[in-house]
Amino acid sequence: DNNVQFRVMKHASAKTAEEAAEIRGTPLCSGAKSMLVKDNSKSSVKDLYYLAVLSASRRFQWAPLRKLANVKNIRFATKEEAIAKTGCLPGAIPPFGSIFGVKTFVDESILNQGEIINFTAGLRTCSYGMPGKLYMELEKPFAVGNFSDDGESKEKQVSQIKQNTKDACFNYK
């Protein structure tokens, strides 16, 4: 009814965002991955879920989402919980928590990844592409924040710092 402009792409089954981007022939950074998380706090209402949506090229970070959602303990929903709550397998959950009655939290990476976002919607064999701005208008997320990083491990970052320091010291004249 809203005359939404989107593109439908049917493709081979993809379990991960990386596989989906490769099969679609789109950059990984244009993908939106939707992660169903469950509030596991002892004081939580039973079966309270949230949908965390972030760029497929980014790595999910727990602490910032806990702070944004104001919860103490969250975890990924199990495969069984995801199916029970959304009717979708993990990897096929669309970025619209509102259709499942859950609050959607959007990472800032979605706002900065380009004009079009690509995502699976219900099936691992079908993807949609739509303008990111339109997605935000349609979904009206509960909150937008920064709960991802570029995927580099702390060990890799520390190793790089050590190497840079070593290079700087040995090359100092």
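Among contacts in the chain between residues at least 6 apart in sequence, what percentage join residues at least 24 apart? After that, please turn to strand β6 and describe how its residues 103-107 are placed.

Modeller: This is a predicted model, and in it 68% of the contacts between residues at least 6 apart in sequence join residues that are at least 24 apart. The chain has six helices and 10 strands, and 41% of its 173 residues count as buried, while its accessible surface comes to about 10,400 Å², with 53% of that belonging to carbon and sulfur atoms.

Strand β6, which covers residues 103-107, has four of its five residues buried, so the strand is largely enclosed by the rest of the structure. Strand β3, made up of residues 49-55, runs parallel to β6 and is joined to it by four bridges; within this pairing, Val53 has Val106 of β6 as its bridge partner. Strand β9, residues 143-145, also runs parallel to β6, and three bridges join the two, with Phe105 standing opposite Ala143 of β9.

Thr26 has a relative accessibility of 15%, and because the cut-off for buried is under 20%, Thr26 counts as buried. Leaving aside residues up to four places away in sequence, Thr26 touches Ala21 and Asn118.

Note on methods
Residues numbered from 1 in each chain as written. Predicted model: local features only at pLDDT ≥ 70, side-chain atom pairs only at ≥ 80, totals over all residues. Heavy atoms only, no water. Buried < 20%, exposed > 50% of the residue type's maximum accessible area, 1.4 Å probe, protein only. Pairing = 2+ DSSP bridges. Contact = heavy atoms within 4.5 Å. Areas by Shrake-Rupley, 256 points an atom, 1.4 Å probe, with all protein chains shown as cover.
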